[in-house]
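Colleague: I have a model open and would like to go through it with you. Can we take it piece by piece?

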Amino acid sequence: MGQKKSIVIVGGGITGLSAAYYLQKTATEQGLSLEIKLVEASDRLGGKIKTMKRDGFTIEQGPDSLLARKVPAVKLVEELGLQDQVIRNATGQSYILLKNKLHKMPTGTFMGVPKEIRPLFSSNLISEKGKLRAIGERFVPKGKQEDQSLGEFFRRRFGNELVVNQIEALLSGIHSGDINQMSLKATYPLFYELEQKYGSVMKGLRKTMPAPAKKSKANASGAFFSFKDGLETLVHALHEKLDEDTVKLETAVDHIEKKAHGYNMLLSNGSVLQADAVIMATPHFTVPKMFSQYDFYKPFKDIPSVSTANVVLAFDQSAIKRDIDGTGFLVTRNSDFRITACTWTHKKWPSTAPEGKILLRCYVGKPGDEEIVDLSDEEITDIVLKDLKKTMKLKAAPEFRVITRWKDGRPQYTVGHLERLAEIRSKAEEHIPGVFLAGCSYDGAGIPDCIEQGEKAVQDVLEFLKMA
């Protein structure tokens with residue numbers, strides 16, 4: 001068996017929790033002698049996954065679902081035995097808001113990028129000239145530059161109009177980012193690969209993504225899933241699987257020091273934890289402080305993070321005079337709206353609102369408009385209601401509101417992200433072996449990406465400790 005090895009995980013979001021779960025599972029299955037500790041600075045686990053129950057509503061204060069096509073999350077749900085609690089989103093029309101008018105989300109697209117010519121021709125989002133330019137993508141030569149911004153890549157291939165009126169609304173909306181800064185290679189390498197292999201993104205999408213089979217209305221199920229009691233179900237299930245003394249809440253790591261054998265971790269309560277290996281599952285900007293004696297983590301201070309707020313409004317059905325048939329809309333960045341998107345949660349997730357009630361979830365905060373997040377609840381609510389009234393008739397004030405601010409909550413993978421990360425990791429391996437980075441700042445920001453990174457960090461740690 002050998003001497004017991006201690007592993008400390010810093011951060012109790014979904015990445016840290018997944019790492020703790022997979023470490024414990026592997027240790028049990030393989031009879032490894034491990035001591036696992038997870039330290040979390042706040043008073044709760046789950047990070048941005050946060051579900052609130054109020055007056056019969058289920059309110060997500062962070063993400064609201066998982067992508068059904070992403071394997072790591074589906075696998076974890078099955079391992080935890082949560083399949084009977086899974087709910088799928090109701091499918092419905094979604095829209096893009098352009099110049100104060102709602103347009104149906106074009107069909108025949110992937111992430112807003114067209115793969116079919118016919119729907120492009122019938123779209124109201126772009127002019128005839130814009131359509132011809134976009135269709136000409138098939139004849140645009142392959143680019144030579146590997147990493148570039150998403151904006152630059154898509155403008156070169158499809159022209160500016162389609163990018164501004166369609167593609168940007170989706171990609172910026174998903175990442176709360178600026179597509180003119182976001183790295184193609186770090187966020188959507190698939191599009192670059194399709195261009196290089198097929199000479200055209202449209203052609204590549206058609207070849208690799210066949211048209212979905214026609215679904216009958218009865219068995220139509222959405223691309224996303226959550227749980228009957230909300231997304232935090234996943235967090236509680238992971239926590240329950242961990243041994244009793246694994247988690248330390250309200251405990252921050254102030255400083256980490258390399259010793260002859262392993263690491264000493266100075267905690268905010270004054271105690272010291274010793275670790276043979278460390279998994280850093282915290283936001284990138286917290287890392288340089290904990291390793292202040294090492295310069296190679298300093299570039300993390302320059303990686304931007306965007307602040308956003310999630311604004312949930314509950315209404316009685318009678319308050320909305322003109323309802324919209326659909327599940328929500330995204331706002332183009334050239335509009336004068338300050339909300340970036342709105343989900344009609346009661347339609348997308350019917351079980352989240354009581355009968356006769358309406359639940360809307362709006363988002364504010366984007367590059368260039370982050371100060372909105374610092375306004376008071378009243379000011380934010382007024383801005384959101386003013387924007388909503390431009391698209392739907394509201395006759396009464398909301399019954400209640402829940403505003404959740406995520407300060408510096410959305411790390412941005414800017415051009416050159418993968419190269420910078422590789423260099424930092426290489427220096428860390430040389431100077432502080434056994435310290436591994438995982439989480440939304442690094443190799444993918446979605447929940448399934450974070451679960452996968454937690455699982456990979458476990459393999460890295462066990463290999464480092466020669467236990468794999």
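Modeller: Start with a term: buried means under 20% relative accessible area, exposed means over 50%, and partly exposed is in between, with a 1.4 Å probe and protein chains only. Helices (H or I, at least four residues) and strands (E, at least two) are DSSP runs, numbered from the N terminus. With that, strand S17, residues 305–316, is mostly covered, as eleven of its twelve residues are buried.

Colleague: Before we go on, what sort of model is this?

Modeller: It is a predicted model, in which local features need pLDDT of at least 70 and side-chain atom pairs count only at pLDDT 80 or more, while totals for chains, interfaces and linings use all residues. Residues are numbered from 1 along each chain as its sequence is written, and side-chain values use heavy atoms, with hydrogens and water left out.

Colleague: What does the pLDDT average over the protein chain?

Modeller: The average is 94, and 97% of the residues score at least 70. pLDDT is the predictor's confidence in each residue, from 0 to 100. Over residues 215–220 it is below 50, and beyond near neighbours in sequence that stretch has three contacts in the model. Contact means heavy atoms within 4.5 Å. Where pLDDT is low, the predicted coordinates should not be read in detail.

Colleague: Back to S17. Which strand does S17 join through nine bridges?

Modeller: That is S23, and the two run antiparallel. Two strands pair if DSSP finds at least two bridges between them. Alanine 314 stands opposite phenylalanine 400 in S23. S17 also pairs with strand S21, residues 357–364, in the antiparallel sense over eight bridges. There, aspartate 316 stands opposite lysine 357.

Colleague: Now helix H2. Which residues are buried in H2?

Modeller: Pro72, Ala73, Leu76 and Val77, in a helix that spans residues 71–79. They cover an arc of only 130 degrees around the axis, so they sit on the same side of H2. The arc is that of the directions from the helix axis to the C-beta atoms. An α-helix has 3.6 residues a turn, so residues three or four places apart point the same way.

Colleague: What covers the buried residues of H2?

Modeller: The cover includes helix H1 (14–30), strand S5 (66–67), strand S6 (86–88), strand S11 (224–227), helix H10 (232–241) and helix H15 (447–464).

Colleague: How are S5, S11 and S6 arranged?

Modeller: They form an open sheet of three strands in the order S5-S11-S6, with antiparallel pairing. S5 and S6 are the edge strands, each pairing on one side only. Between S5 and S11 there are two bridges, and leucine 66 has phenylalanine 225 in S11 as its bridge partner.

Colleague: Which residues touch the most other members of the largest nonpolar core?

Modeller: Leu23, Leu34 and Leu234, in a core of 44 residues. A nonpolar core is a set of buried Ala, Val, Leu, Ile, Met, Phe, Trp, Tyr and Cys residues joined through side-chain atoms within 4.5 Å. H1 gives the most to this core, with eight residues. Apart from it lies another core, of 29 residues, including Tyr95 and Phe337.
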